[in-house]
Amino acid sequence: MRVVLVDDHAMFRAGVRHELSRFADRIEVVGEGEDVSTSVAVIRETSPTVVLLDVHLPGGGGAEVIRQVEKLSIEAGEDPATRTKFLALSVSDAAEDVIGVIRAGARGYVTKSIDSQELVEAVGRVATGDAVFSPRLAGFVLDAFSGAIDIASIDEDLDRLSQREREVMKLIARGYAYKEVARELFISIKTVETHVSSVLRKLQLSNRHQLTKWATDRKLV
């Protein structure tokens with residue numbers, strides 16, 4: 001199986017490449033990407049069987065990589081059965097990340113806590129057309145299909161927030177104090193206050209208690 005690694009952290013890519021080298025009889029890493037543009041270019045150049053894809057990337061994120069590659073594949077008239085398949089590999093286990101990348105076309109989503117053997121097996125299953133999810137993340141997908149999560153409202157509401165506002169929102173919803181958020185994100189307390197005010201305004205909420213409920217209801221924390 002020919003694999004491309006997509007992640008904006010070079011050390012992480014190097015670590016995954018090293019681990020996969022132990023399974024050289026089953027997997028060959030044929031390229032790497034660090035942002036949307038480099039990833040799309042290397043995927044089109046190498047035509048891998050599976051792309052291991054982080055969801056947060058400079059230039060638009062993992063979902064944008066999938067959309068661009070799929071668009072180019074369709075324009076080139078490629079057979080859907082032979083197109084590259086995508087497996088999200090991310091530290092994030094947030095519902096909006098899982099749902100967003102699956103809606104874009106990924107065949108699965110596993111977290112970076114997965115061990116090497118499990119990752120190789122996941123790549124193999126995705127390569128044959130199966131869907132693969134870490135246990136907790138499978139629940140998000142089932143909830144989305146059952147209607148327990150309002151996918152449209154998640155996308156619409158979150159689209160109003162910047163990436164930094166989303167990060168602040170999640171930490172506040174998890175009960176972090178402003179100074180803890182500031183320390184976690186390496187920003188000032190004043191900046192945290194500004195972001196929180198902006199989040200509340202954009203989501204039409206009055207206080208952090210409503211924000212916590214809003215995020216919890218949507219399984220974002």
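**Entry 1: overall build.** I am working from a predicted model. I counted the secondary structure and found 11 helices and six strands. I then checked the radius of gyration, which is 18 Å, close to the 17 Å that the globule rule gives for 221 residues, so the protein is as compact as a globular protein of that length. Along the principal axes, the C-alpha atoms fill a box of roughly 55 × 35 × 30 Å. I looked up burial next: 47% of the 221 residues count as buried. For contacts with a separation of 6 or more, I noted that 66% join residues 24 or more positions apart.

**Entry 2: helix α4.** I turned to α4, residues 95-104. Seven of its 10 residues are buried, so the rest of the structure largely encloses this helix. I listed the buried ones as A95, E96, D97, V98, I99, V101 and A104. Just past the end of α4, I found G105 with a positive phi of about 130°.

**Entry 3: α8 against α9.** How do α8 and α9 pack, and at what angle? I read an angle of about 135° between α8 (residues 163-173) and α9 (residues 178-185), with the axes 10 Å apart. That angle makes α8 oblique to α9. The crossing of α8 past α9 is right-handed. On the α8 side, I found R164, E167, V168, L171 and I172 making the contact. Y178, V181, E184 and L185 meet them from α9. I sorted these contact residues by type: six are nonpolar, three are charged and none is polar.

Definitions and conventions:
Residues numbered from 1 in each chain as written. Predicted model: local features only at pLDDT ≥ 70, side-chain atom pairs only at ≥ 80, totals over all residues. Heavy atoms only, no water. Axes fitted to C-alpha atoms, helices over the stretch in contact; angles between N-to-C directions. Helix = DSSP H or I, 4+ residues; strand = E, 2+ residues; numbered from the N terminus. Parallel < 35°, antiparallel > 145°, perpendicular 65-115°, else oblique. Left-handed = near helix turned anticlockwise from the far one by under 90°. Contact = heavy atoms within 4.5 Å. Nonpolar A, V, L, I, M, F, W, Y, C, P; charged D, E, K, R; others polar. Buried < 20%, exposed > 50% of the residue type's maximum accessible area, 1.4 Å probe, protein only. Rg over C-alpha atoms; globule rule 2.2 N^0.38 Å.
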